Amino acid sequence: MQVQVIQQKIYEIRGHKVMLDFDLAKLYEVETRILNQAVKRNLDIFPEDFMFQLNGKEWNTMSSQFVMTYPAKRPKTALPFAFTEHGVAMLANVLKSKKARQISVSIIRAF
């Protein structure tokens, strides 16, 4: 995985460098809803400094900067989750796949 590709998906929100759930799901080759379900089943390992949900204003600001509607399948009421570097590391634990572990290493290097 090219570090440059990953770095383009790192945003600064609330003073933290983060990646959004749908970008991470694409990298991990899982559906966003599957990623979020795994996180919700393991909320105890995702404290606020590892993951938080964007508010409507943050999401509107970000999504207006995207060239296309992104992602098309996300319900308008569903706000994305943002994961810090530590949250990304925890995702590999909850997704439990070799692919997730490999991608997490690349993402952490990109941060």
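1. The model is predicted. Glutamate 31, at 46% relative accessibility, therefore counts as partly exposed. Arginine 33 is also partly exposed, with a relative accessible area of 48%. The side chains of glutamate 31 and arginine 33 meet in a salt bridge, 3.0 Å from N to O.

2. That pair is one of three salt bridges found in a search of the whole structure. Another joins aspartate 23 to lysine 9, with 3.9 Å between the closest N and O atoms. Aspartate 23 is buried at 1% relative accessibility, and lysine 9 is buried at 18%.

3. Glutamate 58 and arginine 14 form a salt bridge whose closest N and O atoms are 2.8 Å apart. The pair links distant parts of the chain, 44 residues apart: glutamate 58 is in helix H4, and arginine 14 is in the loop between E1 and E2. Glutamate 58 is buried, with a relative accessible area of 17%, whereas arginine 14 is partly exposed at 44%.

4. Arginine 14 also sits in a hairpin turn: E1 and E2 have two residues between them, and arginine 14 takes a positive phi of about 55 degrees. Strands E1 (residues 11–13) and E2 (residues 16–20) run antiparallel and are joined by three bridges. Glutamate 12 has lysine 17 in E2 as its bridge partner. E2 pairs with E4 as well, in the antiparallel sense, over two bridges; there methionine 19 has phenylalanine 83 in E4 as its bridge partner.

5. How many aromatic pairs does a search of the whole structure find? There are two. In one, the ring centres of phenylalanine 22 and tryptophan 59 are 5.7 Å apart and the planes stand at 65 degrees, so the pair is edge-to-face. Phenylalanine 22 is in helix H2 (residues 21–28) and tryptophan 59 in helix H4 (residues 56–65), so the contact ties together parts 37 residues apart in sequence. Both residues are buried.

6. In the other pair, phenylalanine 46 and phenylalanine 83 have ring centres 6.0 Å apart and planes at 80 degrees, so this pair is edge-to-face. Phenylalanine 46 is in the loop between helix H3 (32–40) and strand E3 (51–53), and phenylalanine 83 is in strand E4 (residues 81–83), 37 residues away. Phenylalanine 46 is buried at 4% relative accessible area; phenylalanine 83 is buried at 0%.

7. Helix H2 is mostly covered, with seven of its eight residues buried. Among them are Asp21, Leu24, Ala25 and Tyr28. Just after H2, glutamate 29 takes a positive phi of about 60 degrees.

8. The largest nonpolar core has 22 residues, and those with the most contacts inside it are Leu24, Tyr28, Leu35, Phe83, Leu91 and Ile107. Two or more residues come from each of H2, H3, E4, helix H5 (85–95) and helix H6 (98–110). Setting aside neighbours within four places in sequence, leucine 24 is in contact with Met19, Leu35, Phe83, Val88, Leu91 and Ile107. A second, separate core has ten residues, including Ile13, Phe22, Leu54 and Trp59.

Definitions and conventions
Residues are numbered from 1 along each chain as its sequence is written. This is a predicted model: local features need pLDDT of at least 70, side-chain atom pairs count only at pLDDT 80 or more; totals for chains, interfaces and linings use all residues. Side-chain values use heavy atoms; hydrogens and water are left out. Rings of Phe, Tyr and Trp (its six-membered ring) pair if their centres lie within 6.5 Å; planes under 30 degrees apart count as stacked, over 60 as edge-to-face and the rest as tilted. Helices (H or I, at least four residues) and strands (E, at least two) are DSSP runs, numbered from the N terminus. Buried means under 20% relative accessible area, exposed over 50%, partly exposed in between (1.4 Å probe, protein chains only). Two strands pair if DSSP finds at least two bridges between them. A nonpolar core is a set of buried Ala, Val, Leu, Ile, Met, Phe, Trp, Tyr and Cys residues joined through side-chain atoms within 4.5 Å. Contact means heavy atoms within 4.5 Å. A salt bridge is a side-chain nitrogen of Lys or Arg within 4 Å of a carboxyl oxygen of Asp or Glu.
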